[in-house]
Amino acid sequence: SVNTYIVHMDKSFMPKVFASHHSWYSSIIDSLKSTNIPQSSPSLIYSYDSGAHGFSAVLSGNELETLKKSPGFVSAYLDRTVTVDTTHTPEFLSLNTYSGLWPASNYGEGTIIGVIDTGVWPESESYKDDGMSPVPSRWKGKCEEGQEFNSSMCNSKLIGAKYFNKGVIAANPGINISMNSARDTAGHGTHTSSTAGGNYVDGVSFFGYAKGTARGIAPRSKVAMYKVLWDEGRYSSDVLAGMDEAIDDGVDVISISMGFDGVPLYEDPIAIASFAAMEKGVILENGIPWVMTVAAGTIDRSFTGIVSLGDGETITVLGRTLFPASALVRDFTLIFNKTFSACDSSVLLSNIPRGIIICDNIGSLYTQVREIAVSRVQATIFISDEPELFDMPCPGVVISTEDSHALIKYVASNKDATASIKFQETILGTKPAPAVASYTSRGPSPSYPGILKPDIMEPGSVVLAAYIPNNYAAKIGDYIFLSSNFTMLSGTSMACLHASGVAALLKGAHPEWSAAATRSALVTTANPLDNTMKPIRDNGDINLTFASPLAMGAGPIDPNQALDPGLIYDATPQDYVNLMPRLQHTMNFTQKQIMTITRSKSYDCSNPSSDLNYPSFIALYDPNVPKTSVKIFNRTVTNVGEGSATYKVEIVQPEDSIIAVSPETLVFGKTYEKQSFRVSIKYRSNKTGKVSFGELVWIEANGKHKVRSPVVVSPVVSSGELGFLGA
């Protein structure tokens with residue numbers, strides 16, 4: 001049998017007779033053809049050079065074995081499928097026109113965001129180029145023509161669009177690609193790219209909710225789309241090809257909200273290409289040691305329905321409906337009957353009298369909404385304390401158990417109880433917010449648990465952004481589908497794109513910063529408190545307890561504070577190479593597998609260290625082994641403030657742990673001066689697998705800077721138990 005393989009090569013072995021790496025790889029494939037059986041001819045799919053050194057090809061097992069004997073062969077693995085992971089969010093991030101990161105970066109002007117996704121809908125108003133600067137002369141990309149997509153569809157906002165589907169075609173011979181171009185047929189790529197860098201669009205809403213002006217986080221940035229995800233399939237060879245070209249084209253930020261579940265780093269094309277991108281200062285987001293990782297959170301905006309009881313009392317329901325129409329629900333009879341109040345049978349529900357059905361807080365809210373939507377029920381009030389609601393295909397609202405008491409009392413005491421519901425209300429300033437979204441990825445990271453992931457949290461729930469008009473954005477009941485040029489989506493993807501936009505702004509304000517410096521600035525200035533000044537809660541925890549850094553990293557970012565972080569924890573590509581022998585030790589990496597990632601032998605591997613200069617700290621223990629341990633960290637910070645400065649350390653100790661820092665004071669004589677310190681964490685294992693956390697904060701004496709790092713003591717989690725890398 002034949003399969004598609006991704007093959008990594010050592011370019012130093014390329015004979016000088018070849019003018020390019022592509023010629024060399026083609027020659028290697030041709031040499032396999034000469035010894036091949038006629039029925040199966042090997043074929044080259046992609047050549048890679050910027051994100052990886054190597055190629056992808058269709059090979060038989062015998063051809064692969066022959067290839068392994070070729071000079072310069074490093075590794076090969078099967079192609080595999082990939083898992084895919086706003087009008088108010090700029091204000092929620094405190095971005096404003098008069099101070100801070102927006103004006104300092106000129107709204108991201110000139111910065112190029114490359115989005116690896118499902119394509120783009122170029123006609124969307126979010127990609128109009130009104131007020132945009134010319135395309136940077138350094139840009140090497142292009143607008144690739146294809147089905148229903150011509151080069152004139154790009155402009156000074158959408159400066160590039162390419163598509164990659166050779167991997168899909170190789171895996172499915174004879175398949176028909178339904179949209180063979182960079183045009184988006186899923187909506188995901190249009191939504192994510194406009195979230196990061198969409199231009200200003202006035203007067204938008206989602207069926208009457210969230211009315212206002214839509215714009216991306218970096219509205220003056222440039223956007224380039226690399227379509228690698230298809231209705232017909234999603235393959236790593238195409239993803240790697242898209243990233244390879246994005247790096248070569250000259251993007252400043254790559255946003256890629258997808259992953260490969262359970263795949264080691266040396267077979268993860270995102271990890272491999274992102275290492276190459278990091279070397280060039282390109283910023284990415286994903287769950288990999290050298291890449292920024294983003295958790296998803298809620299924001300302080302609620303989509304509401306107002307329930308007015310017949311006796312004049314009003315219950316205002318905050319953030320609990322997204323029914324996409326201005327339905328007339330006026331003076332309907334209220335029906336509360338324990339026979340069907342579980343709302344778990346559409347057949348039973350279809351036989352009840354006309355009116356507003358009250359559904360008890362029993363079972364799954366999702367199931368109740370689904371059963372009501374396919375029944376003949378006129379309107380519904382759901383009683384539920386589930387913290388998140390993503391759609392409402394029936395005329396219904398969700399109220400809390402606490403709010404339901406007045407409703408139930410009114411129904412019980414009035415034989416002819418009635419109520420009215422008004423939809424399409426939006427309320428800003430909802431408290432408490434933000435909270436960690438229930439669906440977000442959580443650490444520790446399977447790629448390397450010794451680095452605290454995620455890094456930060458960004459808005460990811462019900463984010464409004466551009467969408468494709470030929471796919472449904474909402475529905476009523478089970479058969480009425482509604483389209484819209486803008487839609488609300490939730491997911492880690494939406495959070496990643498907020499981070500991409502902020503990273504583009506920081507790149508514009510601080511072009512001299514490395515990707516690690518940008519990540520450090522975002523981590524150390526993040527705010528762990530919600531808008532009630534209490535610790536952020538975790539909606540994914542059934543008890544709604546306070547969120548740990550394994551759920552939210554350092555917390556929600558503060559873009560304006562990140563503009564001036566005081567100190568940064570920087571890291572070079574060599575620092576990550578020093579980490580790799582540790583990866584090799586813990587995950588059985590071979591030297592060749594490490595070279596698959598680094599693409600070169602030029603790095604010095606003589607100084608291995610698991611102690612990366614990272615802006616956070618995690619100590620791991622085995623809950624099955626009772627013992628006390630001490631973990632040592634060495635860190636170096638760079639003063640990026642103005643002139644001399646003195647910082648003193650403050651520590652919040654994790655429960656049953658002791659953190660010590662030496663020295664406790666750092667003195668800087670000038671800007672860009674570096675100082676080092678040592679951290680020790682003494683902790684003991686806990687048989688229940690408890691996670692404890694605290695923080696280490698450098699506070700500037702007589703100054704404005706607080707440089708905060710989260711500290712976590714966590715059990716070692718087996719790869720089968722990890723909840724990380726979700727989408």
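This is a predicted model: local features need pLDDT of at least 70, side-chain atom pairs count only at pLDDT 80 or more; totals for chains, interfaces and linings use all residues.
**Annotated site.** I began with the UniProt record, an unreviewed entry, which places the feature "active site" at Asp117, His188 and Ser493.

**Asp117.** I located Asp117 in strand β6, which covers residues 112-117, and I noted that Asp117 has a relative accessible area of 1%, so it is buried, the cut-off for that word being under 20%. Leaving aside residues up to four places away in sequence, I listed what Asp117 touches, and found His188, Gly189, Thr192, Met225, Tyr226, Lys227, Val228, Leu229 and Ser257. With His188 the side chain of Asp117 also makes a polar contact of 2.8 Å.

**Ser493.** I found Ser493 in helix α12, residues 492-509, and at 1% relative accessibility Ser493 counts as buried.

**Helices α7 and α8.** I next looked at how helix α7 (residues 236-249) packs with helix α8 (residues 269-279), and recorded an angle of about 10° with the axes 9 Å apart. Because angles under 35 degrees count as roughly parallel, I describe α7 and α8 as roughly parallel to each other. On the α7 side the contact is made by Ser236, Val239, Leu240, Met243 and Ile247, and on the α8 side by Pro269, Ile270, Ala273, Ser274, Ala276 and Ala277. Sorting the residues of this contact by type, I have 9 nonpolar, 2 polar and no charged.

Notes. Residues are numbered from 1 along each chain as its sequence is written. Side-chain values use heavy atoms; hydrogens and water are left out. UniProt positions are given in the numbering used here, feature names are shortened, and annotations may be inferred rather than shown by experiment. Helices (H or I, at least four residues) and strands (E, at least two) are DSSP runs, numbered from the N terminus. Buried means under 20% relative accessible area, exposed over 50%, partly exposed in between (1.4 Å probe, protein chains only). Contact means heavy atoms within 4.5 Å. A polar contact is a pair of N or O atoms within 3.5 Å; within protein, one must be able to donate a hydrogen and the other to accept it, and residues adjacent in sequence count only if both atoms are side-chain atoms. Axes are lines fitted to C-alpha atoms, for helices over the stretch in contact, and angles run from 0 to 180 degrees between N-to-C directions. Angles under 35 degrees count as roughly parallel, over 145 as roughly antiparallel, 65 to 115 as roughly perpendicular and the rest as oblique. Ala, Val, Leu, Ile, Met, Phe, Trp, Tyr, Cys and Pro count as nonpolar, Asp, Glu, Lys and Arg as charged, and the others, Gly among them, as polar.
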